[in-house]
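Hi there,

Here is the structure I promised to pass on. My notes on it follow below, so please have a look at both together.

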Amino acid sequence: MSELWALDADGHVAEPWAIYTEEVEPAFQEAARALMGSGRVWAIQEGPGRGVPTDMSAFSAKARAGGLDPAQRLPDMDVEQIRAAVLYPSAGLHLTTIPDAPLATALCRAYNNWIARYCAAAPDRLFGAAIVNLFDVDLGIAELERAVGTLGCRGVLMAPEPVLGRRVDHPDYFPFYAAAERLGAPILFHQATCVRLPTAGVDRFDNYFHTHTISHPFEQMLASATLLTSEHELLDRFPDLSFVFLESGCGWLPYWLERLDEHYEKLPHLVPWLKEKPSARFRRHCYVSFDPEDALLPAAIAWAGADRVLFASDYPHWDGMWPNAARTVRERTDVSDADKQQILFDNCARLYGLPVGEAAGA
């Protein structure tokens with residue numbers, strides 16, 4: 001499969017810290033600088049058992065230069081034979097968790113403006129994912145419409161954790177989902193370790209080894225269970241809206257769908273609104289990304305369908321595999337060539353509506 005170029009469903013940038021302190025509208029700059037601490041340290045967690053201040057700004061200095069400079073990213077993509085990439089923030093993942101909604105939305109605007117400029121360097125290869133803050137849903141909708149409708153972002157990030165106690169199926173979010181469906185923008189669940197929101201694992205661990213291991217898959221499991229079994233019939237309300245579970249590998253999914261299906265079969269009286277297995281709902285409405293070396297990738301393909309699984313490089317993060325991420329998938333012997341075509345290219349193109357044609361190449 002060496003001739004098959006890939007599409008990256010979840011790459012990252014290492015955005016400059018200055019956009020959060022210098023590029024916010026003047027009315028919010030003082031508050032932004034106070035929140036970020038001198039432009040260097042952002043205290044993500046606070047209080048007993050909630051970890052320690054985290055130096056997010058240092059990430060850009062340690063990451064590969066392509067995370068900050070698109071001109072240097074493109075050669076790295078060529079080495080991997082990645083035709084195009086959908087890009088997510090790094091420090092900016094935490095913007096979903098700031099309770100001051102006007103300030104957080106101003107910070108989201110600054111990031112979304114920056115990622116649009118970054119992608120403009122290669123508009124046929126680089127595509128941004130928008131970020132919004134949903135502590136105020138109306139402000140989040142306005143920024144969603146601007147980032148997708150005006151700036152051209154290809155989807156919108158949403159925290160899998162509850163915001164103000166609202167699960168991801170809360171009726172307060174229905175106008176947001178309606179706007180995303182109208183814009184053709186998939187909902188992108190991407191967890192960020194060490195956030196202010198109530199997150200799995202942080203009640204009993206304060207070591208990043210534990211919190212990172214736990215928070216990503218467990219929060220995706222909780223969010224997916226909410227969507228797939230919601231008494232608010234969210235997936236039926238928005239049948240043309242896709243929901244994507246990212247940055248947690250795919251190994252959790254077969255177990256979780258099997259468990260949800262088992263409970264549906266044995267305890268149907270507790271979910272009388274459900275008319276089909278949760279796994280069937282996943283295969284119609286959802287996607288999951290995988291890490292190149294995921295041992296359970298074949299099982300995820302079997303449970304979700306080959307048309308619902310997405311390649312993600314995680315470039316330039318510490319757990320990415322550059323320059324061997326896409327190559328690792330191409331060389332796997334436990335996945336058929338037909339499935340590789342879907343998970344490396346077709347699914348990403350369809351989900352994000354990427355203008356990349358039917359086949360990838362140099």
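**Helix α4 and the rest of the chain**

Helix α4 is mostly covered, with 14 of its 20 residues buried (buried means under 20% relative accessible area, exposed over 50%, and partly exposed in between, using a 1.4 Å probe and protein chains only). This is a predicted model, in which local features need pLDDT of at least 70 and side-chain atom pairs count only at pLDDT 80 or more, while totals for chains, interfaces and linings use all residues. Residues are numbered from 1 along each chain as its sequence is written, and side-chain values use heavy atoms, with hydrogens and water left out.

α4 covers residues 101-120 and reaches 28 Å from its first C-alpha to its last, close to the 28 Å expected at 1.5 Å a residue (the expected span is 1.5 Å times one less than the number of residues).

The chain holds 13 helices and nine strands (helices are DSSP runs of H or I with at least four residues, strands are runs of E with at least two, and both are numbered from the N terminus). Of its 362 residues, 57% count as buried. Among contacts with a separation of 6 or more, 76% come from residues 24 or more positions apart (contact means heavy atoms within 4.5 Å).

**A helix pair**

How do the axes of α5 and α6 cross, and within what distance do they come? The axes of helix α5 (residues 137-149) and helix α6 (residues 174-183) come within 9 Å and cross at roughly 10 degrees (axes are lines fitted to C-alpha atoms, for helices over the stretch in contact, and angles run from 0 to 180 degrees between N-to-C directions). α5 and α6 are therefore roughly parallel to each other (angles under 35 degrees count as roughly parallel, over 145 as roughly antiparallel, 65 to 115 as roughly perpendicular and the rest as oblique).

**Single residues to look at**

- Arg83 lies in strand β2 (residues 82-88) and counts as buried, at 18% relative accessibility. A polar atom of the Arg83 side chain lies 3.2 Å from the backbone oxygen of Asp124.
- Ala192 is in the loop between β6 (187-189) and α7 and is buried, with a relative accessible area of 7%. Ala192 and Leu93 are 99 residues apart in sequence, yet 6.0 Å apart in space, C-alpha to C-alpha. Leaving aside neighbours within four places in sequence, Ala192 is in contact with Leu93, His94 and His216.
- Leu164 has a positive phi of about 55 degrees although it is not a glycine. Leu164 lies in the loop between β5 and α6 and is exposed, with a relative accessible area of 56%.
- Glu233, not a glycine either, has a positive phi of about 55 degrees. Glu233 sits in the loop between α7 (208-229) and α8 (234-237) and is partly exposed at 36%.
- Tyr315 and Pro316 are joined by a cis peptide bond, with omega about 0 degrees. Pro316 is in the loop between β9 (309-311) and α12 (325-330).

Best wishes

Key: A polar contact is a pair of N or O atoms within 3.5 Å; within protein, one must be able to donate a hydrogen and the other to accept it, and residues adjacent in sequence count only if both atoms are side-chain atoms.
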